[in-house]
Amino acid sequence: RGITVSVLSERLVRYEELIPCRNAFIDTRSPGSDQKENFTIIGPGVAENPDQHVHIAIPHGFNIGGARQPPGCLNSQHSHLTEEVFVISQGSWHFSTGVDGSDAVVRLEEGDVISIPMDLFRGFENVGEGSGYLYAVLGQDDPGRVLWAPQVFDMASDYGLVLLENGGLVDTTLGQKIPDGVAPMPKTSAEQIAQHRVIDDKTLEQCVVRVSDFSFSNDTALTKGTDVLEAPLIGPASPDEKLGETKLNWSHGFCVRALKFQAGSFIAGHKRQEEEVVYVQEGSIKMHIDGEALILGKGDTFTTPIGATRSFAQHGDDIALVYVTRRRDTAKAPEFLD
């Protein structure tokens with residue numbers, strides 16, 4: 001029994017249909033950070049506002065999210081309990097590390113990828129001229145809570161926001177009160193800060209794979225015999241897939257690949273043993289999933305069910321660049337149809 005159109009629609013999130021949360025975090029009113037839009041595409045994410053919309057709740061072993069910010073808008077310094085990967089989908093961005101953002105900084109452009117380890121305070125700012133968008137992958141089904149730098153708590157208090165120990169957010173300007181039996185989240189301590197690394201610009205650069213440095217090949221298990229190119233972005237070497245490793249080779253609990261479709265190129269029907277999240281960075285592709293056709297354009301996200309037969313083809317006038325995320329550090333080779 002093949003997949004149905006309704007199942008396809010439940011697993012598809014168009015960029016233009018993303019539902020933002022503009023007050024997802026404690027820094028939502030802090031000057032310079034008050035124009036962020038946060039998106040939870042797959043999984044619960046790390047938003048502190050229970051009104052954050054979740055587009056796809058199916059557990060994948062990782063979370064997919066997004067952040068859209070106007071020029072000069074800053075996401076305040078924080079750290080995570082799981083790995084965090086960003087694809088620069090639109091715009092130019094600075095990523096800074098350290099509790100006050102002064103340890104290291106790197107500038108990334110469209111298509112570049114950064115993986116920020118758990119033991120680093122990080123923040124990011126849109127330094128381009130127009131609206132910028134980041135596509136994000138967070139490890140595990142439950143990525144835990146954000147640990148904010150202490151100054152973020154101070155700014156939040158000035159604007160009536162209180163973060164609770166249970167991860168909830170109280171907005172006193174709306175008349176909300178701290179619930180009985182729930183304490184405010186203590187400000188991040190010096191001991192917690194000391195558990196984080198201090199790095200320099202050179203070390204932060206080692207957390208980046210630039211699109212100009214992608215190791216593309218058309219001799220992988222997926223692309224052999226085609227005009228499609230595949231490159232490993234996140235994860236160790238994967239012999240089954242005939243993919244080597246990049247410098248982002250430590251365990252994430254998920255792996256990320258890039259696929260580049262030349263004009264007229266395609267990948268024939270095959271199955272996979274992991275759910276496959278497809279994100280279109282450039283151009284457009286046409287997928288067939290158990291016979292049903294689906295066209296994906298820039299910014300669209302689709303997650304293919306395990307075991308479904310899928311094929312890919314370049315669509316339209318432009319070369320297509322696609323990022324694919326799968327559960328676990330390495331994936332099994334695709335099973336092509338006879």
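Predicted model: local features only at pLDDT ≥ 70, side-chain atom pairs only at ≥ 80, totals over all residues.
**Exercise 1. Work out the order of strands in the open sheet that has six strands, and say which strands are at the edges.**

Solution. Reading across the sheet, the order is 1-22-19-24-17-16, and the pairing is antiparallel. The edge strands are strand 1 (12-13) and strand 16, since each of them pairs on one side only. In general, the strands of a sheet pair through backbone hydrogen bonds, which may be parallel or antiparallel.

Now follow some of the pairings one by one. Strand 19 and strand 22 (residues 301-304) run antiparallel and are joined by four bridges, and within this pairing Tyr-279 has Thr-301 in strand 22 as its bridge partner. Strand 17 and strand 24 (residues 320-327) pair in the antiparallel sense over eight bridges, with Phe-261 standing opposite Ala-320 in strand 24. Strand 16 (residues 229-234) pairs with strand 17 over five bridges, again in the antiparallel sense, and here Glu-230 has Leu-259 in strand 17 as its bridge partner.

**Exercise 2. Decide whether strand 17 is enclosed by the rest of the structure or open, and explain why.**

Solution. Strand 17 covers residues 254-261, and the step that settles the matter is a count: seven of its eight residues are buried, so strand 17 is largely enclosed by the rest of the structure. A residue is called buried when its relative accessible area is under 20%. Then look at the loop between strand 17 and strand 18 (266-271), where Ala-263 lies. Ala-263 has a relative accessibility of 64% and therefore counts as exposed. The C-alpha atom of Ala-263 is separated by 7.3 Å from that of Asp-317, although the two residues are 54 residues apart along the chain.

**Exercise 3. State how many salt bridges are counted, and compare the surroundings of three of them.**

Solution. The count comes to 19 salt bridges, and three of them can be taken in turn.

1. Glu-109 forms a salt bridge with Arg-107, and their closest N and O atoms are 2.6 Å apart. Glu-109 has a relative accessible area of 31% and is partly exposed, and Arg-107, at 40% relative accessibility, also counts as partly exposed.

2. Arg-197 forms a salt bridge with Asp-119, the closest N and O atoms being 3.2 Å apart. Because Arg-197 lies in the loop between helix 3 (190-194) and helix 4 (201-205), while Asp-119 lies in the loop between strand 9 and strand 10 (122-126), the pair ties together parts that are 78 residues apart in sequence. Arg-197 is partly exposed at 37% relative accessibility, and Asp-119 is partly exposed at 28%.

3. Glu-276 and Arg-310 meet through their side chains in a salt bridge of 2.8 Å, N to O. This pair links distant parts of the chain, since Glu-276 belongs to strand 19 (residues 276-282) and Arg-310 to strand 23 (residues 310-315), 34 residues apart. Glu-276 is buried with a relative accessible area of 1%, and Arg-310 is buried with 0%. Shared partners join salt bridges into one network made up of Glu-241, Arg-257, Arg-272, Glu-274, Glu-276, Arg-310 and Arg-326.

Methods: Residues numbered from 1 in each chain as written. Heavy atoms only, no water. Buried < 20%, exposed > 50% of the residue type's maximum accessible area, 1.4 Å probe, protein only. Helix = DSSP H or I, 4+ residues; strand = E, 2+ residues; numbered from the N terminus. Pairing = 2+ DSSP bridges. Salt bridge = Lys/Arg side-chain N within 4 Å of Asp/Glu carboxyl O.
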